[in-house]
Amino acid sequence: VNDNQVIQLVDALEAREIIKITLLDSTPADKHSIADEIARRTDSDVVQLIGKKLTIYKKSTKCKINQC
């Protein structure tokens, strides 16, 4: 997982709070270690990991409509 991917994931988490990521079949490392690395580097929580699908969550720091 490179720095540009982490930046894109952080931006997506800020906008949506929960995102689903598909890991490639050609991924050389163990999927659990990749999930842990992504969660650590984006300061998010792994919701689930099923097959090659990873779901992560991070509460947005922006104020939502009617929630301030």
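**Pocket and helix packing**

Mentor: The largest pocket is lined by 14 residues, and nearest its centre lie V1, Q5, L23, I34 and I38. A pocket here, on a 1 Å grid over the protein atoms alone, is an open set of points where a 1.4 Å probe fits, with protein on both sides within 12 Å along at least five of seven lines, and lining residues have an atom within 4 Å of a point. This is a predicted model, in which local features need pLDDT of at least 70 and side-chain atom pairs count only at pLDDT 80 or more, while totals for chains, interfaces and linings use all residues. Residues are numbered from 1 along each chain as its sequence is written, and side-chain values use heavy atoms, with hydrogens and water left out.

Trainee: Which element gives the most to the lining of the largest pocket?
Mentor: Helices (H or I, at least four residues) and strands (E, at least two) are DSSP runs, numbered from the N terminus. At least two lining residues come from each of α1 (3–16), β1 (18–22) and α2 (31–42). With three residues, the element that gives the most is α2.

Trainee: Is α1 roughly parallel or roughly perpendicular to α2?
Mentor: The two helices α1 and α2 pack at an angle of about 70 degrees, with their axes 10 Å apart; axes are lines fitted to C-alpha atoms, for helices over the stretch in contact, and angles run from 0 to 180 degrees between N-to-C directions. Angles under 35 degrees count as roughly parallel, over 145 as roughly antiparallel, 65 to 115 as roughly perpendicular and the rest as oblique. The angle therefore makes α1, relative to α2, roughly perpendicular.

Trainee: Which residues of α1 and α2 make the contact?
Mentor: Contact means heavy atoms within 4.5 Å. By class, the contact of α1 with α2 has five nonpolar, one polar and two charged residues. From α2 come I38, R41 and T42, and from α1 come D3, V6, L9, V10 and L13.

Trainee: Where does E17, with its positive phi, lie?
Mentor: Phi of E17 is near 75 degrees, a positive value in a residue other than glycine. E17 lies in the loop between α1 and β1.

Methods:
Nonpolar A, V, L, I, M, F, W, Y, C, P; charged D, E, K, R; others polar.
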